[in-house]
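Me: I am new to this structure and would like to learn how to read its features one at a time. Please show me the model before we start.

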Amino acid sequence: PRRELLSRTCTTRPDYWASEWGRTYRSDRWKDPSQKNGGKQFRRRFRVPYPVFESLLVICRNNQWFIEAPDCTGRCGAPLELKLLGVLRILGRGYCFDGISELSFISEETMRVFFHEFCELFAQEIYPQY
């Protein structure tokens, strides 16, 4: 007898850009260093000025350290911008992965893996340059 084919279910991913960080990042509020709730807030929360964050983002993309391609089901992963914000918050404030998940909708496990990969690459590739 022939077995019945089972269809696989594919869970939908959250809309990362609808998260607190996603909305704020897209609003460009953090780019103005003179605003109390803008660039100053960014520096307080992530412990680096916004231009430093942007330069880290450019370095990661130019070196293609983190692939931003859809997975085999066509779903896009968490944006590199939000993952990098998570790393900065963890390093700057000692935040836990659960807190990052609440603010960015990125799962704790995804953030944990990215954090360790980023730190290793940073130590090997970026730190020696400075």
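Me: What volume does the largest pocket have?

Reply: Bear in mind that this is a predicted model. The general idea comes before the case. Rolling a probe the size of a water molecule over the atoms shows where empty space is left. Here the largest pocket comes to about 190 Å³ in volume.

Me: Which residues line the largest pocket?

Reply: The lining is made up of Arg13, Pro14, Tyr16, Phe66, Gly77, Ala78, Lys83, Thr110, Val113, Phe114 and Glu117. Sorted by class, six of the lining residues are nonpolar, two are polar and three are charged.

Me: Which helix gives the most to that lining?

Reply: Helix H6, residues 108–126, gives the most, with four residues.

Me: How do I read the packing of two helices, and at what angle do H3 and H4 pack?

Reply: Two packed helices are described by the angle between their axes and the distance between the axes. In this model, helix H3 (residues 50–62) and helix H4 (residues 80–93) pack at about 125°, and their axes are 11 Å apart.

Me: Where does Gln64 lie, and what is its phi?

Reply: Gln64 is in the loop that lies between H3 and H4. Its phi is near 50°, which is a positive value in a residue other than glycine.

Me: Is Gln64 buried or exposed?

Reply: Gln64 counts as exposed because its relative accessibility is 62%, and the cut-off for exposed is over 50%.

Me: Which loop holds Arg47, and how does its backbone read?

Reply: Arg47 sits in the loop between helix H2 (39–46) and H3. Phi of Arg47 is near 65°, again a positive value in a residue other than glycine. With 47% relative accessibility, Arg47 counts as partly exposed.

Me: Why does Gly99 count as buried?

Reply: Buried means under 20% relative accessible area. Gly99 has 7% relative accessibility, so Gly99 counts as buried. This residue belongs to helix H5, residues 97–104.

Me: How many Å separate the C-alpha atoms of Gly99 and Glu68?

Reply: The C-alpha atoms of Gly99 and Glu68 are 23 Å apart, and the two residues are 31 residues apart along the chain.

Definitions and conventions: Residues are numbered from 1 along each chain as its sequence is written. This is a predicted model: local features need pLDDT of at least 70, side-chain atom pairs count only at pLDDT 80 or more; totals for chains, interfaces and linings use all residues. Side-chain values use heavy atoms; hydrogens and water are left out. On a 1 Å grid over the protein atoms alone, a cavity is a set of points where a 1.4 Å probe fits but cannot get out, and a pocket is an open set with protein on both sides within 12 Å along at least five of seven lines; lining residues have an atom within 4 Å of a point. Grid points are joined across faces, edges and corners, and a volume is the space filled by probe spheres set on the points. Ala, Val, Leu, Ile, Met, Phe, Trp, Tyr, Cys and Pro count as nonpolar, Asp, Glu, Lys and Arg as charged, and the others, Gly among them, as polar. Buried means under 20% relative accessible area, exposed over 50%, partly exposed in between (1.4 Å probe, protein chains only). Axes are lines fitted to C-alpha atoms, for helices over the stretch in contact, and angles run from 0 to 180 degrees between N-to-C directions.
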